[in-house]
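Here's a quick briefing to read with the model open. Have a look at the structure first, then run through the points below.

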Amino acid sequence: MTRRALITGITGQDGAYLAELLLAKGYEVHGLKRRASQFNTQRIDHLYVDPHTAGARFHLHYGDLTDATNLIRVVQEVQPDEIYNLAAQSHVKVSFDTPEYTANADGLGTLRLLEAIRILKLEHRTRFYQASTSELYGKASPPQNEATPFLPQSPYAAAKLYAYWITRNYRDGYGLFAANGILFNHESPRRGETFVTRKITRAVAAIELGLQDRLYMGNLDSLRDWGHARDYVEGMWRILQHDRPDDWVLATGEAHSVREFVERAFAAVGREIVWKGRGVEEKGIDRRTGKLLVEIDPRYFRPLEVDHLLGDPSKAQRELGWKHTTSFEELVREMVLADLEQIQREHLAHGQLVNHAAE
Ligand code: NDP
Ligand code: GDR
């Protein structure tokens with residue numbers, strides 16, 4: 001029997017990698033996508049198959065985590081063996097501007113899906129994965145593992161804390177196979193452009209191509225445990241294949257500062273950054289040319305910051321046989337090279353459009 005998965009957040013970074021993985025494993029993949037005024041399926045367009053094609057195994061459904069009746073209908077239609085709840089307002093800084101919406105989508109949205117499973121009496125059929133996060137640890141001292149107490153530092157993390165606990169409650173109270181993956185930061189060339197890694201790699205590529213002068217940054221000193229998203233979606237799948245539902249940390253076990261990410265990204269195009277000044281006056285200068293490349297803009301600081309995340313993935317290594325395969329250095333390099341290629345392509349396409357207009 002073909003296994004059926006429903007992925008919420010399929011149009012996001014992780015949703016796209018997970019859909020690829022599950023299709024390669026022979027699953028029928030259903031995804032929830034939001035209606036938008038412009039196409040929002042760029043990350044999964046290569047997976048699209050005309051639904052009229054015989055044997056099509058990839059299907060999209062309109063939906064939103066804030067709309068319970070719609071979620072019940074989609075879950076009823078799909079009758080999934082596995083649900084991966086990846087949909088979320090996932091930007092920590094934006095959650096300070098939209099705290100109520102973030103709580104609704106990220107917190108209550110999880111409850112709505114769990115209730116859909118219960119209402120439809122799918123408790124013994126459908127396994128549920130919740131995209132929990134290292135942001136739950138907030139101010140907790142590193143290294144963080146499954147036993148570390150949570151100290152959330154943002155509306156995003158507080159909403160995800162509710163989602164974490166409601167997932168556990170449904171597991172313990174109703175016998176659902178409901179698991180939390182507590183994932184540390186994971187990135188890729190498909191990362192959203194306002195997260196720090198992608199913002200840096202796009203800027204480095206644009207500066208290298210002479211299309212941008214400078215990169216404006218927030219806090220350079222926070223430390224993150226960064227891995228590659230492709231490795232982490234493999235971990236999500238393993239979490240739902242385990243013989244019992246549980247909570248799992250996926251991380252690399254290595255932390256690097258934002259500053260180091262900036263240095264490595266510029267190093268990937270052969271530039272060395274020297275730092276001058278302190279605090280908001282700090283500047284990153286190109287050692288060879290003396291050009292100012294990095295400045296601080298306080299608008300990127302957050303009302304609360306998470307200083308040091310460093311995961312201990314030993315439980316997942318031991319019991320799931322999961323380990324990251326991409327190093328920090330490889331990740332930064334892959335992202336910079338991908339952005340060089342993408343920006344060149346975009347620029348060329350734009351240039352061609354201009355030429356057509358002139359004809
Ligand atoms: P993205 O921001 O790239 O993707 C989020 C997805 O959620 C998009 O498909 C988005 O749709 C969708 N979405 C947002 N709001 C709603 C809503 N109200 N209803 C339905 N869909 C919605 O996130 P990632 O892929 O990076 O992360 C996946 C999940 O894992 C998220 O829950 C995130 O919080 C969590 N996480 C991420 C980590 C990371 O480092 N990447 C680490 C730990 C946890 P649209 O495309 O229309 O915007
Ligand atoms: P994070 O990711 O908050 O860890 O959440 P983000 O890349 O936004 O920030 C990482 C760190 O970089 C600092 N920073 C900046 N961040 C952004 N976005 N833009 C800047 O200009 C900038 N300058 C410095 C931040 O202050 C922070 O310390 C991500 C998301 O994917 C969440 O959904 C997920 O749960 C966690 O990772 C694990």
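What follows covers one helix pair and the surroundings of two ligands. Keep in mind that this is a predicted model. The helix pair is α4 with α5, whose axes come within 8 Å, and the ligands are ligand 1, with 26 residues around it, and ligand 2, with 22.

**Helix pair α4 and α5**
- Helix α4 spans residues 99-119 and helix α5 spans residues 155-174, and their axes cross at roughly 15 degrees.
- With an angle under 35 degrees counting as roughly parallel, α4 is therefore roughly parallel to α5.
- The crossing of these two, α4 and α5, is right-handed.
- On the α4 side, the contact residues include Pro99, Ala103, Gly107, Leu111 and Arg118; on the α5 side, they include Tyr156, Ala159, Ala163, Ile166 and Tyr174.
- Sorted by class, the contact of α4 with α5 has 12 nonpolar, four polar and three charged residues.

**Around ligand 1**
- Gly9, Gly12, Ala87, Ala88 and Ala131 come nearest to ligand 1.
- Helix α1 (13-24) and strand β5 (127-133) each put at least two residues into the shell, and α1 gives the most, with three.
- The shell around ligand 1 holds 14 polar, nine nonpolar and three charged residues.

**Around ligand 2**
- Here Ser90, Thr133, Val196, Gly218 and Ser222 are the residues that come nearest to ligand 2.
- Two helices, α3 (92-97) and α6 (196-208), each supply at least two residues of this shell, with the largest share, three residues, coming from α6.
- The shell around ligand 2 splits into nine polar, seven nonpolar and six charged residues.

Definitions and conventions: Residues are numbered from 1 along each chain as its sequence is written. Chains are lettered from A and ligands numbered from 1 in the order in which they are written. This is a predicted model: local features need pLDDT of at least 70, side-chain atom pairs count only at pLDDT 80 or more; totals for chains, interfaces and linings use all residues. Axes are lines fitted to C-alpha atoms, for helices over the stretch in contact, and angles run from 0 to 180 degrees between N-to-C directions. Helices (H or I, at least four residues) and strands (E, at least two) are DSSP runs, numbered from the N terminus. Angles under 35 degrees count as roughly parallel, over 145 as roughly antiparallel, 65 to 115 as roughly perpendicular and the rest as oblique. A crossing is left-handed if the near helix is turned anticlockwise from the far one by less than a right angle, and right-handed if clockwise. Two residues are in contact if their C-beta atoms, placed from the backbone, lie within 7 Å. Ala, Val, Leu, Ile, Met, Phe, Trp, Tyr, Cys and Pro count as nonpolar, Asp, Glu, Lys and Arg as charged, and the others, Gly among them, as polar. A residue is near a molecule or strand if its C-beta atom, placed from the backbone, lies within 6 Å of it.
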